[in-house]
Amino acid sequence: MNKNVKFQNYNLPSSERARIKNQYPMCIWMTGLSGSGKTSLCNALDKLLIENDKHTYILDGDNLRHGLNSDLGFNVSDRNENVRRTAEVAKLMVDAGLIVIVGLISPFQKDRTWTRNIFKADQFKEIYISTPLALCEKRDTKGLYKQARKGLIKDFTGIDSPYEIPKKPEFVVDTSDKSIDECVFEIYEKFKF
């Protein structure tokens, strides 16, 4: 970092931003394979939290790749940067007092560990969407697995690029045998927003 760049402190601390929203700000980081249910879970959790007067925002991996991360590909270094940028934005939003719901494949343990470490210990909750690869491929709503199997998409997580299962997530949910509503209710009960 440039030695001429200084961190700026503000008069209104993050605790006051949270107080006026009447909530405890945090980052809910949903990780899992493409097709595991991250986007559906993010949307349903967001809706439930809003219905309970919480202030939220969703950071979705696909949406971020249309803007902030549009210059990134899918090789290892670009995936690392995708996670880093997303985590830094989420951290700023948590500082603003929001509950930030992130839906990002984030396939590598070291990136998720780094992300966890930039937050206060109780402000980062990792949820592993453990839906099996076979079901994710069966769902394949975007047709990405078919293209990856044909070699038309390179570095596709779960096919020719690895997904490292989280070592100690705060919660694990499998969307293969439960509805999205059931899964979201479990998440909501677990974290007592």
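## Salt bridges and a helix contact

Glu16 is partly exposed, at 25% relative accessible area (20% to 50%; buried is under 20% and exposed over 50%, with a 1.4 Å probe and protein chains only). This is a predicted model, where local features need pLDDT of at least 70 and side-chain atom pairs 80 or more, while totals for chains, interfaces and linings use all residues. Numbering starts from 1 along each chain as its sequence is written, and side-chain values use heavy atoms, leaving out hydrogens and water.

**Salt bridges**
- The count is 13 salt bridges (a Lys or Arg side-chain nitrogen within 4 Å of an Asp or Glu carboxyl oxygen).
- Glu16 pairs up with Arg19 in one of these, at 2.6 Å from N to O.
- These two sit 3 residues apart in helix H1 (residues 14–21), so about one helical turn separates them (helices are DSSP runs of H or I, at least four residues, and strands are E runs of at least two, numbered from the N terminus).
- Arg19 is exposed, with a relative accessible area of 53%.
- Asp71, Glu81, Arg84 and Arg85 join up in a salt-bridge network.

- Arg116 and Glu170 form a salt bridge, with their closest N and O atoms 2.6 Å apart.
- The pair ties together distant parts of the chain, 54 residues apart: Arg116 is in helix H5, and Glu170 is in the loop between helix H7 (144–149) and strand S5 (171–173).
- Arg116 is partly exposed at 23%, and Glu170 is partly exposed at 25%.

**Where H4 meets H5**
- On the H4 side, the contact residues include Arg79, Val83 and Lys91, and on the H5 side they include Lys110, Trp114 and Ile118 (contact means heavy atoms within 4.5 Å).
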